[in-house]
Amino acid sequence: MSDTHTEQMPLFSELGLAAPVLKALQDVGYERPSPIQAAAIPHLMAGHDLLGQAQTGTGKTAAFALPLLSRLEAGNRNTQILVLAPTRELAIQIAKDAEKFGAALGLRFALVYGGVDYDKQKTMLEHGSDIIIATPGRLIDYVKQGVVSLHACEVCVLDEADRMFDLGFIKDLRYLLRKLPVRTERQTLLFSATLSHRVLELAY
């Protein structure tokens, strides 16, 4: 699935998204999805796994955030979502977008990355969260300390998987994936700018 241009995109209102999510889109003036959003959203709303190829700046975050937020709004509040990003800058941007689109849903977000107040993030995780957005290294610290368990994360998003390789996070990723429910009991989403052999190997 690529972000190749298509002539006509459907309206967001035709994709089955939750009403509060649609309202948030309307408030920022978004009517039609980008190609990666139009291709991904129906699959994710249906609960399927996904391997998506998309460059930064194509609306990739909304491609997974909008349907996942909509599913939480639909009453799946026992579902916890984990989003893994290679850098804290990307993690912060994902959190900003997710909170913007899900502002009316009353969800608890936990943003976890290195270089900032360790205890503040620890407290956030201990209080519970619906969506954890994290870089691998700092999250592993909390998992090993027993601060947070990932056994309830029924959805896992790996963003910019190719950069995960470039930054040496693959061993960390495999560790975290082993802490999640087994593959058949979770939904897994992987996004990458390139679908290299190593990215495809990780996906499979």
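This is a predicted model: local features need pLDDT of at least 70, side-chain atom pairs count only at pLDDT 80 or more; totals for chains, interfaces and linings use all residues.

Visitor: Which residues lie nearest its centre?

Guide: The largest pocket has 15 lining residues, and R183, R186, T188, L202 and A203 are the ones nearest its centre. The elements that contribute two or more residues to this lining are β1 (50-53), α8 (170-179), β6 (187-192) and α9.

Visitor: How many nonpolar, polar and charged residues are in that lining?

Guide: The lining of the largest pocket has nine nonpolar residues, one polar residue and five charged ones.

Visitor: Let me pick A203. Which helix is A203 in?

Guide: A203 belongs to helix α9, which covers residues 197-203. A203 has a relative accessible area of 34%, so this residue counts as partly exposed.

Visitor: And what does A203 touch, leaving out residues up to four places away in sequence?

Guide: With those left out, A203 touches L51 and L190.

Visitor: Now the second largest pocket. What is its volume?

Guide: The second largest pocket has a volume of about 260 Å³. It is lined by 19 residues, and the closest to its centre are Q37, T58, G59, K60 and A62. Helices α3 and α4 are the elements that give two or more residues to this lining.

Visitor: How does that lining divide by class?

Guide: For the second largest pocket, the lining has eight nonpolar, eight polar and three charged residues.

Visitor: What about cavities? How many of 30 Å³ or more are there?

Guide: The count is two cavities of 30 Å³ or more. The largest cavity holds about 70 Å³ of space.

Visitor: How can empty space like that be found?

Guide: Rolling a probe the size of a water molecule over the atoms shows where empty space is left.

Visitor: Which residues line the largest cavity?

Guide: The lining is made of F64, A65, L68, L69, I81, V83, I94, A98, I131 and I133. By class, that is 10 nonpolar residues, with no polar and no charged ones.

Visitor: Which element gives the most to that lining?

Guide: α3 gives the most, with four residues. At least two residues each come from α3, β2 (80-84), α4 and β4 (131-134).

Visitor: Let's switch to helix α1. Which of its residues are buried?

Guide: In α1, which runs over residues 19-27, the buried ones are V21, L22, A24 and L25. Looking down the axis of α1, these buried residues fall within an arc of 155°, so they line one face of the helix.

Visitor: What covers the buried side of α1, and which exposed residues are on the face turned away from it?

Guide: The cover over the buried residues of α1 includes α3 (60-73) and α4 (88-101). The face turned away from that buried side carries the exposed residues A19, Q26 and D27. After α1 comes G29, which has a positive phi, near 80°.

Visitor: New topic! How many disulfides are there?

Guide: The count comes to zero disulfides. C153 is in none, and the nearest cysteine sulfur, in C156, is 7.7 Å away.

Visitor: One last stop: M45. Where is M45 found?

Guide: M45 is in helix α2, residues 35-45. At 26% relative accessibility, M45 is partly exposed. Leaving out residues up to four places away in sequence, M45 touches L15, G16, L17, P67, S70 and R71.

Note on methods
Residues are numbered from 1 along each chain as its sequence is written. Side-chain values use heavy atoms; hydrogens and water are left out. A disulfide is a pair of cysteine sulfur atoms within 2.5 Å. Buried means under 20% relative accessible area, exposed over 50%, partly exposed in between (1.4 Å probe, protein chains only). The arc is that of the directions from the helix axis to the C-beta atoms. Contact means heavy atoms within 4.5 Å. On a 1 Å grid over the protein atoms alone, a cavity is a set of points where a 1.4 Å probe fits but cannot get out, and a pocket is an open set with protein on both sides within 12 Å along at least five of seven lines; lining residues have an atom within 4 Å of a point. Ala, Val, Leu, Ile, Met, Phe, Trp, Tyr, Cys and Pro count as nonpolar, Asp, Glu, Lys and Arg as charged, and the others, Gly among them, as polar. Grid points are joined across faces, edges and corners, and a volume is the space filled by probe spheres set on the points.
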